[in-house]
Structure formats: structure tokens, C-alpha cells
Amino acid sequence: MLILTCPYCGIDADETDLAPGGEAHVTRHGADASDDDFEAYLFHKRNPRGVHFERWRHVYGCGKWFHAARDTMTLEVFGTYPAQTLVPPKTLQTKIKKKRPDWKGFKK
Amino acid sequence: MSTRLADHGRLIDRTKAVEFTFNGKRLKGFQGDTLASALLANDQLLVGRSFKYHRPRGIVAAGPEEPNALVGLGLGGRFEPNQRVTTTELFDGLSARSQNHWPSLEFDIGAVNKMMSRFFPAGFYYKTFMFPRAAWKHLFEPVIRGAAGLGKAPSARDADRYEYFYAHVDVLIVGGGIAGLAAALAAGKTGAKVLLVEQTADWGGRALVDGVEIDVKPAAEWVAKTLKALNSMENVSIRTRTMGAGVYDHGYALAYERLSDHAPETTGPRHRLWRIRAARIVTATGAIERPLSFAGNDIPGVMLAGAVRDYALNYGVSVGDRTVVVTNNDDAYLTAIALARAGLNVPAIIDARSKATGELPEKARKLGIRVETGKAIGKVIGSKRVQAVTLAAQAGEGATLEEIKCDAVAMSGGWSPVVHLWSHCGGKLNWDEDQAMFRPDPARPPLGKDGSGFVIAAGTANGHLAAAPAMMDAYAAGKRAAAEAGHKAAEGGAAPVAKSESQDRIEPVWLMPQGAAYKLRAKTWLDFQNDVKVSDVQLAALEGYESVEHTKRYTTLGMASDQGKLSNINGLGILAHSLNAEIPAVGTTTFRPPYHPISFGAIAGEARGGLFKPVRQTPLHDWHQKNGAHWEPVADWRRPYCYQRDGEIVKQAVTREILNTRQNVGLLDASTLGKIIVKGPDAGRFLDMLYTNMMSNLGIGKCRYGLMCNENGFLFDDGVVARLTDDSFLCHTTSGGADRVHAWMEEWLQTEWWDWKVYTANVTEQYAQIGIVGPKARQVLEAMGVKGIDLSAEKLPFMTFAEGSIAGIQARPYRISFSGELSFEVAVAASEGRAFWDAALEAGREFGIQPYGTEALHVMRAEKGFIMIGDETDGTVIPQDLGLHWAISRKKADFLGKRAQLRSYMQDPDRKQLVGLKTEDPEVVLPDAAHAVEGPKRENGMENIIGHVTSTYYSPTLGHSIAMGLIKGGSRRMGEVLEFPVAKDRVIRATVVDPVFLDKEGIRQDV
Amino acid sequence: MKRYSAFAIAREALRHHTGWQRAWRSAQPKKAYDVIIVGAGGHGLATAYYLGKNHGIRNVAIIEKGWLGGGNTGRNTTIIRSNYLQDESAAIYEKARSLYETLSQDLNYNIMFSPRGVLMLAQTEHEIRGYRRTEHANRLQGVETRFISPAEVKKIVPIIELSGPRYPVLGALWQPRGGTARHDAVAWGYARACSDMGMDIIQQCEVTGISQKNGVVSGVSTTKGDIACNKLGLVVAGHSGVLADMAGFRLPIESVALQALVSEPIKPCMDVVVMANTVHGYMSQSDKGEMVIGGGADGFNNYTQRGSFHHIEETVRALIETFPMISRLKMLRQWGGIVDMTGDRSPIIGKTPLNNCFINCGWGTGGFKAIPGSGWSMAATMATGEPDSLAAGFGLERFREGRFIDESVAAGVAH
């Protein structure tokens, strides 16, 4: 039963107030995409054991989508941030690196 | 025999007698008794039969770890199987029945299994019962199932109710012994919000029977004082009869409060499930005593030493007149001393250790109790109760040195901290060699959302078996928990000082005597309820089931309803010894919630009956209900399938509704249709991405049918879009799709095109939408009184809308049609829905207006060849499959799903495509979802299926059957006759035709 | 290997069960094998078994990170059925179901397959249509199923409540030869048979790398050293992505937690498996008497084998509405497993971009029922180097082409 802090309304939201939305920072590939890009966009989601950037929606709250950085082995949450960004905030990346020295860093 | 003592019994009120029945026998106990203590007071030693061999079994423990003494409690809607007598508080009129025997507890036929036990070792069923093949299901399995299973299944509906409770606290403390109380005191003083829960009805735990002193006074005085202090703190809540059931991620915990199990006549819920979020959880859950493994350790009268002490001191009940104490530690001496002081006979203390010279053994000797060190029980003599034990050398194989007459045995193999809650969420354990037990490893706690440990084990549960260090540890734990939750303690405030008699080192004993011969080991129980013996674990190891999980599953050790609370560590000891390995290397099985079983009723809470998935209701729900609605669940809604009149069957009603709508006029509650407003400068651009067709060029006041696909290209929703103003659209969705589509829009707006200026609002429930449908629809509206709208075909043509007043109600009629008839779908404020409906019925009476339901709607749309999401689509269908090319823009550079529809398989001309189907015999209706086949069978023996029927009806309008189907390469098969084998010996033939059966030119709707 | 039988038990009883052999040998890795299977769960062991039995390939090692059968094979709700809609699914699940029928005899290990029947309740008009569609398809596919009336449902499951206030039971899809089996025994039985054929089952051995030469797999590195092989089969369910990473390709798989629970044991009260998909819950009764209940999956990536409690609540609520008598039973234990969900929720069997490296994964929430068919097909695919007829539709390439095998279509969407 996760708790994630909604970066919009500041509420520590219970998992039951949230809807998960899969991997974050996935680039949409549209009508002119190559077969490879399009396949990767739809199906090749990262499924790491460890640090994962993912999307959530505060569905029974403010309704906003946001991103979370979470460890899939321990469920530790490193931080949450608004969805309107292409990369995780630098400070968050630094924090994760400090907590997980083995982490290979954010890859788009 | 077991009986009530003349004195002792700090928990019972001897002035209040309580009557109860056991197997129909009327018995007496006192207020404050548990069912266990009351049964023992009545010399009811035999209380149940074991799972596999149906051996007679008595009470072993005094708490939730009890494996044997399970009974059926209550009657009718209050009957409940498998209740532990040790956790059941006695009340007047309690009715209990023993389980798992036939015909009676005293004489159980199933006990022949006992004689045959040598043929039923661990896992025997994997090795036999294989021939003949059918015999497993028809012969062996039913016998095994019947013999297993413990209590009877309840048959009546539960007469009680249940509820949830929410608590958000800084510190949750589980366990109301002196450790839990001390932790609560320390945490409470900091001002932190504290919840302290205790599973029993009483505070203080074992300290009160173990003669502990706190701050130089009997522990009871400190407990009373502390409770008073806690009660006076506003930031502290304390609850008895509330068990910490489970710890989950991020500080989530469940507590299970039993409100009326002990007082069934009270009103209110029976159980309450507490859903708790705590910044820190302190587990002060104490420890559970381990049995010793000697032959006959399951015979009624053999009991844990601590339990014997509990029954004597808490309830004034002696388990036997002559109790032999057998131990490998000092703690059991407390029991011998307590019994001796109560005037009972203790023929001997049999201590497996080579010497026993501590404070307690010396005290026992002073009381004149015979202490035999280096000795073991060879075996217990007796069947339905203990008659004697044989004395043997612990180092030997079990040769009898002496037979000691007794009627009870108090055993202690040491204590195991209750680490369940610590472990539920990943807390790790260390093996403590000195104390021969697993204890929480403070360096590897369960980790919370910030990565720090959020569970703190305290007191005995943390491995501090003596009162003094336990008290210090628990007080510090409470303080630390509060501090970590943001509440620092003020300086000063020292921990209470506890004192108990000192105890010497335990000597682990996993088998007694250590070299016990096979015949003894095969009578030495590890798991009492599941009948797992020492020899079974040894067999598992011999056969290569070496992992502790393999052993558990092969022997069923620890899988009974006590989940191994008594058996796991002893079993582990035997396994480690068999594998010649160390205990920590063998490891433990996983601790899973709940700590102790909790009722399904409590888990479901109040969400039952009408509150289980509440029905969404349109403003017209009550009218439908009163006017013969035959309901159909549609997503979270209910919609009238049809309205039955007196004497009508459903089918007749549907036919009547269709014909009346086609000939006169029908009235439809379409309020469940999703309605989403999309507004903003980029609204048109946004809808162009969402729909396959172009929406940005839709004229104001006009409507357009649109299709939505997901990124896999599959069609998932459809509906009519109306352009309200230059920058706002109203998108209709399917009834089930409104929330999904709205979420879909928000997802794209917020996560992909967040710089686009678009706002959405789901206004589905803000409007009632009522269809007035049929050739006389316009007349009805006019009769209702229209202001500000010209309803004529010229001014309000097909696929447009207008706003004005109808029947004095602000309304927006859309000229859209799902039936092919002249149709006005009128949106009014939800609050005016019923008034509008009534007005339409009133005005429509002279035109023969009748309401119609979803089935008539379905038939009429199928007559027109309109698709229905969920019928013609199933999540794998693209719009091209449905011949909807006209609704897919070729001009747009992109839309959601476009790229996917370019993939090779989507372009395959042999995809299934929508066709109409006309049966050879027009009276024959193809069955729903019938499949078409073609040519010979495939290599693998399957028929060559080429498609299936998606919608099929008898059309009352046309007087023949109609159907649509998705057929491989269907668009190229026009005129082909397909075969639908609808049953083993029945094939229906149908010709592929255009799916539009009625009014292909659209004349009826465009008037 | 000494055979198991009632006679063997009687013989051993007389000598205090001292003569039993190990069910499987304890093995250390050799330098090289013809075939290495990574993952000693049901699917991996079955693959090895059929490689030996059907294709004569016996120089095989099965490598397991933990203990054999310790993943989802040992933590599922043991339901076996083949009432699937799509041809590809019906073929492989029915193959598996029919192999289960004789598996105890084949393995000389009683896996307790009990074809007690599986009922899938229809609780909306839409669901009726979905199950009718399956019924029609199954009849033509050679799978025995039948849509039955509420009255027949009540006869088969007397404890069911037909007229639940929210979702009445309108009928059910009935597969009389579906049922359950003892999950651990399936792994143990296959392991014993594999070991008997001379194969090495190497437990407590984690794969740390996959080596290749010129695009062809050449072996694995493990915590017990490097082992060479000609062919490699990856059969590790939720951890497939990690191994695919080592082999240099990506999979359309996400790992999530799926939960289950059991009640305390009670005397027999329900002989069949009942699944209620509208309200999300299913239940059967084990031979021990526990009500075995399956719940929903979390929607977020998770490797902890712990799920969120609200799924348990939802499932229990749904089942109390369906079976009111369980309200006074008690939950004994809940647990979770990590399931591997693919892009279309159907499994992947077949070749990978790395030559001679094959994959079998993505069984999601329904792998146990497929074990024998999955192993049969995977073995044929590995032996010949090309997908056999059962595996043909389940290749990795289907995602690129959009050729989904989507079983959720029968459940469909509400209109």
C-alpha cells in the first residue's frame, strides 16, 4: 500500500487514491515512426529491478498526472515531480545516485 | 483431572457464574474465563481430533498459538467453525461443538488412521492413488477431502455486520504487555499521536503471571498506573481485543478489533478492521513458548509450561493434580513453583540440561520439588489423557529409567519472539545462538517509503526475554519511534525499572531424548494440527526436499491454521540436524499476514449488499423502477432492458417497443451516455488527435459521429461530437466509457501535449438526456411547447442541434439518431430530467408514445447496421475492419492509433471484416456469437474458424432475422453462403450481405 | 529410480521408511551441456522433461536461482482450464489440460489432477455474449465447454447466491474437465523424472551473464561458474527481462504483483472452481479444505512478492456477495507472486534475436494451467530450432506486427 506525495496538491496520497500509469518519459512515436521505434514505444517498457521512473495520476484527488521515482525491489520512493518534464529533475537524480551508487543513471 | 482451584484466578470473577454448553453438555464457568479455562475447569481435557490421524487432542496453549482446541461456535447465522477456545471469551449461553470426528468426539471412526499411520508418512499421497486413473477424482480424493477440513462449513447468511475504521498515527504500538505499555508511555509523553492495541481483553501480558516487579512494586500496580496515565493523554488511544494483524508497505497496518464476540447480545458491528497508517510501528508482541519433542507430546494433558501457569494464576484452574514439568530452560521452573505454591503436586522437573543451578531451580528444590537434570521424557503413557511419563537419559535412546505417574505434563522448549509483524514487510531475522531463537535484526528492518526502517521491535519480541532489559528496550523503542515520527522527547523521564528472577542459559533441545529411536520419533509431534512428526521431517530431508520451503510443503509442517506458531522452529531444528547444517543456514519460511486469522466479514466491511459497488442512477431511475423496468447492468449503471406490461414476457415487450418506435414514437432514457466538454483555443486540434476523423472543421451547431482508437489502433469508443462554440465541443461517449475517455483525454493533455490550451470536464451526470424517437417525434415535441427553437427539417436538420425551451425547460435537442428514425436527443439539466420525461409522456400520449429499453435500442441500431462498441468491437478491431473508412481522415498527419493501423497485420486483406448475414430460413435467428467455419479441419484437429456473429436479432420491423458478423476477408465475400455449426448436429447457413438492413439511404432519419 | 506405489509404501513402512531414494539428485554443474534451461519452475522443468522424453535430448542442465518450484509454480491458485477463445490459446491450454489428465501416471508422481469442473459466471448480458462466443469457439476447437443456466449453476454449486443484489448470476460457462492439481507436486514430479533421465537440476545457482559467439549463444555465467551450452532456454517468468538484458534484447514484459489467499480449512462445501470475472474473484476448495481465493494484480512494477491489501478487500467483498456463507470464515494467509505481463496478456514462446537462445515467458496470471503444454511446445521448439504448431502464434514478432492474441476480448468492454 504505497503512499506517494502529489507534487501538485502536496497531499500524501494513499495508493487507493491513485492510478498507476506505467513507465514515465516514454517518447511518443506517431504516424511517421519507424517499425523499430514504434514497437519500442508501445512494448519495450523498462522493467528494472531497482530504480524506476513511472507515471501516476492522483485520480481521486486533484486529478493530475505526476511522475515518481521508485525502487521496485524495496518500494522506496525517491521523489515525485510534475509530469510536464522530459527528464527527472537533476536534484532527484543526484539523490538517487547517492542512495543507490550502483544505479546507472537516467537513460531516455 | 483438571479442575478449578479454590483460589487464584486474577482474571475471573467468582461471583458471576456463566453457563455454556459443549457438545450439548451444560457446563459452568465464571465471568472472565476463556472457553479454554472453563473447559479445563470442567475436566474437559479432550476437545478435538487432529487433521490426519484423528488423534484425540487437548488444549496445548493459552493464547492464539493454540493448534488443537478448535471448535464450532454459535448457531445458524452466527455459526463459525475453527474458533480457538483459548481466544474465545466465555459468555452466558455460549454453545460450542468439537470438530473433525464421527460419530463422536470420544469415539471417532477416523481414528483408525492412527493405527495405519505407518502407512501414511509425509507425502504418501504423492506416491500412490495413481491407478486406476479415474479413481483419484472419484474415490481417493473424496475420502481425503472428507477426512480433512476440520470444522463444518457455515450454511446460513451471516447475521452480523462489520465495519472499517481509519487511523493515521505517528506511532502504532502492537501488544499491551509491559513492553507495549512502556513504549506507549514513552511515545505518548512526546506528544506524538499514539495508538496502542492489545489482542486480549487485558493489559499487562505475561509479566503479571511471572511475578515481575516494576519500580519496586508488583507489575500489576505499575500497569494500572500506566493505563491511567495513558488514558489521560489526549494524543494516545488504547484498544483491547484489537490484534495487530498485518504490516504492509509504507507504514500501512491492519488491526482487527473484536467488538462483540464476547458479548453477542450487544448491537453494533461484530468486528472492526482498522486501516492504519503509521509513521512508525512498534511491535511489542512478546514471545511464544515452544513445545518439546518427545514421544506422546500430543496426548491431552501435555501442555506448554507457560500455559499451565496461566491457567493456574489467571483463571484458578489446575490442569492436573500431578504435573510433571519438562524443560531445557529456567523459565518452566516458574510453573513448577506456581503449582507447588497452589498446593498441587509436581512429581518431578525433568531438565534436559546437564545442570540447573540458577535462582529458580534452587527455589524449586527448596520447595521440595525433585529436579532431574540431564534427563528426558522417554514417552508419555496414555491415550485420551496422560497417565504417566517415562524418565530417560537425554543423551540416550529412550530406555526407561523410571515411570512417573502424573496426569499432566508442562513442557517448555524455550521461547520464540513473535516476529511476524516485523517480518511481514521484509524485516530480517538473526539466529541468536545463546538464547536459541530468531530475533529481529535491527540492521535489516522493513523499509518504508523514504527507505528508512519503519518497524521497531521492542521488549521480548526484540529478543529480550527478561523483564528488566525488555522494559528498557521497549521504553527506548517508544521514544525512538516518536522521535523518528518528528516528536522529540523532553530531557529526563527515565524508563521504569523492571525486575524478575534471573534465568540461566537455555540449552536447545530439538529431540528428546536426543537419540530417540524411530518408534519414538514416529510418535513425536512437531505440528499438532497437521499431524507432522519428527520422522516426517527426517523423511523429507532423506528424499531431497532440503529447502525449508520444500520440507514445509512436503510435510505440511507449519501450514495448519496456527501457521506454525508452535512448530516451525522445532521443525527447523530437526531439519537442520538432518541436513547436518546450521539453523540460520536453513532459514525460515516466509511470514505472511495475517498474524492470526481474521474474518472475511471484517475484510469486506460495510461494502455488502447495496453498498457493494453502488449502482449509478439516472434522474429517471425511480420512474423506470415503478414502470416495469426489466433491468440490465451496464457498466456501473442499470438501464431498463425493456418495460414489461402486465402479462408480457420480455421478448413481447421488446417487440412492442420496437414496433411502436418505428410506427409512432418512443421515449428513451439516454442519460447514461457520457458527456465531456472540451474547451480552449486548441480544443479542435486536440480532438483531431483523439478522433480518427476531423473535428476541428466541424461547424458551430453541428454534430459529427467520431471514433476513438488507442495507440494499438483498436477502436475503443465512439459517439457524436457537437460543436457548441468556436472553442468548445461536447463529446458524447458510450455509457461505460465516459470515465475512461475523460481520463484518456486528461492523460494526453497532461503528459504529452501539456502546452496545448485545452480544458475538459466530464458533465455526464449534469445532464439528463432523453431521446424522443420515431416518425411522430417532432409532433410530440411541438405538443410539449417549444420556445426559441425551430424544429423544422430545414432549420434543424439531421446532425445539428439547437437550444431553447421545451415544456418550459431549458433544453438542447440534438438531431442525432441511433435507430434510423427521426430522432431528437434532448439534453436538459439533470434536475429537470424527470419533469421533461413526464411532460414528454403527457404530450406524447395522443401520439402513442411508449418508453423503450436497451434491447429495442440494440435491435433498431442493428437493423440500421450501426455498430455497438463491445459487440462489433472487442478490443482487437480497427475501424477499417468495420467498413468505417469514411470516418477516418486521410488529411490528418496523425491521430492516436494511426501508426498502429499501418502495421503489416492491420493491412492484411484477410482480417476479419464486418458483414451482414441473412439466414437461408428467414425465421431462423443465428445464435449469439455463433462461429463460421470453412473447408476441412486444420492439422491440429480444430475446425477452420473464419469468424463469428457479433449481433443477431429477429427484426420485427423487417419480419426476418438479421445479423452482423466479423468474417475473415468478409468484404470480398458478398453473396457467399457461410456455414455456422451451432451445435454438434446443426448447421445454419447464412448469406453474406450488406450490414445495413433498413433504409440504407437514411430517408427515415433525415426528415 | 524406484517406482512409487502403494506396495512401495507398504514395503518402506516395514523398515521405518529408511529406504526411500532422493526424489532428485543433488547436482553440481558440468562444464558443458547440450541444453541449459534457466529456471526450475514448472515451465522450465516441463521443457527439460519433454526434451528428454520426446526428443531424446538428455544432456540437459536446469539452473535455478532459488529452490525448484519456488516461484509462481508454488504460489498460484492451481486452476487448470482451457476454455479460451482464441484458437492459439485454446490449442496450447487444451494440450496442457489433456497432458495433466495422465501426468500422474506419466511421471509416477501423484500430482492430484482433479477434473472437478470450472465454472465462469456470467453476471451481465455482455458477459453472457462473451461466454457464448467462447462456447461456440470451444466446440469447434475440440474443447468441451457448455453455457449453462443459473439453475444448473445452483445445482453444481449449492452455496452460490444467484440473485446477488448487484450482479445476479445469469448463467455460466462450464468446463467439466477443468479443475485443479497440487502445484508443488507438478514441479517435484517433473524434477524427479528429469533427474531420473540423467539431467542435472542445479539449485541455488544464479545466472549472472549470457555469453555468445558471432550472434549464437555459447553459455552462461553463474554463481557456480561458467557453463557452456549449444542451446539455451530462458524460462524465468517475472525475471525474464533481466535475462533478456543479459542476452541483449528487450521484451514486452512488465512484472507486477498478483495476490492470493486461503481461508482456514473447513469440511467440503464446494466441489468445483468458480470464477466471477465481473466482480473479480475466484474460489475453489483445496483437498485440505481451505477456500483458495485469487485476487487482482497491482498495476505498478513490483518485484517484492507483496501486493496491496485493497485488492484483497475487493476480492473478498465480491466473493461474499457471491457466496454469503464465507463471511464467517477467516483468512488464514495471503501471499503474492510476481507475474510477467506482456503487451497482449498472452505468453511468449519461441526464438529470440540471439540465435539458439529461446524464450518462454509472459504467462501472466495464468501460467500454472499451461505447464505441460508450454513445456511440450518449448521442447519441440528448442529441439528443432523452429516454433512448433502450438508455439507458432506466440512468437515475439507478433507485437511488431500487431498480431495480438488477446483473450480479454471475451470479457470485452461494457457498452
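The model described here is predicted. For the complex, the predictor reports an ipTM of 0.98 and a pTM of 0.96.

**Chain B: overall features**

- Along the principal axes, the C-alpha atoms of chain B fill a box of roughly 115 × 75 × 55 Å.
- The secondary structure of chain B consists of 24 helices and 54 strands.
- Chain B has 1007 residues, of which 59% count as buried.
- Among the contacts in chain B with a separation of 6 or more, 67% are made by residues 24 or more positions apart.

**Chain B: domains**

- Chain B is assigned domain 1 (16-115), domain 2 (162-287 + 417-490), domain 3 (291-413 + 505-512), domain 4 (524-584), domain 5 (674-765) and domain 6 (862-895 + 906-993).
- Between domain 3 of chain B and domain 4 of chain B, the C-alpha centres are 24 Å apart.
- Where these domains meet, ten residues of domain 3 of chain B are in contact with ten residues of domain 4 of chain B.
- The side of domain 3 of chain B that touches domain 4 of chain B is made up of six nonpolar residues, three polar residues and one charged residue.

**Chain B: strand pairing**

- Three strands of chain B form an open sheet in the order β12-β11-β31, with antiparallel pairing.
- At the edges of this sheet are β12 (217-218) and β31 (498-499) of chain B, each of which pairs on one side only.
- Strand β11 (residues 213-214) of chain B is joined to β12(B) by two bridges in the antiparallel sense.
- Within that pairing, B:Ile214 has B:Lys217 in β12(B) as its bridge partner.
- Elsewhere in chain B, β53(B) and β54(B) form a hairpin, with two residues between them.
- Strand β53 (residues 977-983) of chain B and strand β54 (residues 986-993) of chain B run antiparallel and are joined by six bridges.

**Chain C: confidence and domains**

- Chain C has a mean pLDDT of 94, and 98% of its residues reach 70 or more.
- Chain C is divided into domain 1 (19-78 + 183-251 + 346-409) and domain 2 (91-179 + 255-342).
- The C-alpha centres of domain 1 of chain C and domain 2 of chain C are separated by 27 Å.
- The contact between them involves 32 residues of domain 1 of chain C and 28 residues of domain 2 of chain C.
- On the side of domain 1 of chain C that touches domain 2 of chain C, α7 and α10 (371-384) of chain C each supply at least two residues.
- With seven residues, α7(C) gives the most to that side of domain 1 of chain C.
- The residues of that side of domain 1 of chain C comprise 15 nonpolar, 14 polar and three charged.

**Chain C: helix α7**

- Helix α7(C) has 14 residues and reaches 20 Å from its first C-alpha to its last, close to the 20 Å expected at 1.5 Å a residue.
- Because 13 of its 14 residues are buried, α7(C) is largely enclosed by the rest of the structure.
- Just after α7(C), C:Gly198 takes a positive phi of about 95°.

**Contact between chain C and chain B**

- The contact draws 85 residues from chain C and 99 residues from chain B.
- On the side of chain C that touches chain B, at least two residues each come from α1 (6-14), α3 (87-101), α4 (103-107), α5 (125-141), α7 (183-196), α9 (309-322) and β16 (330-342) of chain C.
- Helix α5(C) supplies the largest share of that side of chain C, nine residues.
- The side of chain C that touches chain B has 38 nonpolar, 24 polar and 23 charged residues.
- Strand pairing also links the chains: strand β34 (residues 598-599) of chain B and β16(C) run antiparallel and are joined by two bridges.
- In this pairing, B:Ser599 is opposite C:Lys330 in β16(C).

Notes. Residues are numbered from 1 along each chain as its sequence is written. Chains are lettered from A and ligands numbered from 1 in the order in which they are written. This is a predicted model: local features need pLDDT of at least 70, side-chain atom pairs count only at pLDDT 80 or more; totals for chains, interfaces and linings use all residues. Two residues are in contact if their C-beta atoms, placed from the backbone, lie within 7 Å. Helices (H or I, at least four residues) and strands (E, at least two) are DSSP runs, numbered from the N terminus. Ala, Val, Leu, Ile, Met, Phe, Trp, Tyr, Cys and Pro count as nonpolar, Asp, Glu, Lys and Arg as charged, and the others, Gly among them, as polar. Two strands pair if DSSP finds at least two bridges between them. Domain bounds come from an automatic or database domain assignment. pLDDT is the predictor's confidence in each residue, from 0 to 100. The expected span of a helix is 1.5 Å times one less than its number of residues. A residue is buried if 20 or more other C-beta atoms lie within 10 Å of its own, exposed if 12 or fewer, and partly exposed in between; C-beta atoms are placed from the backbone.
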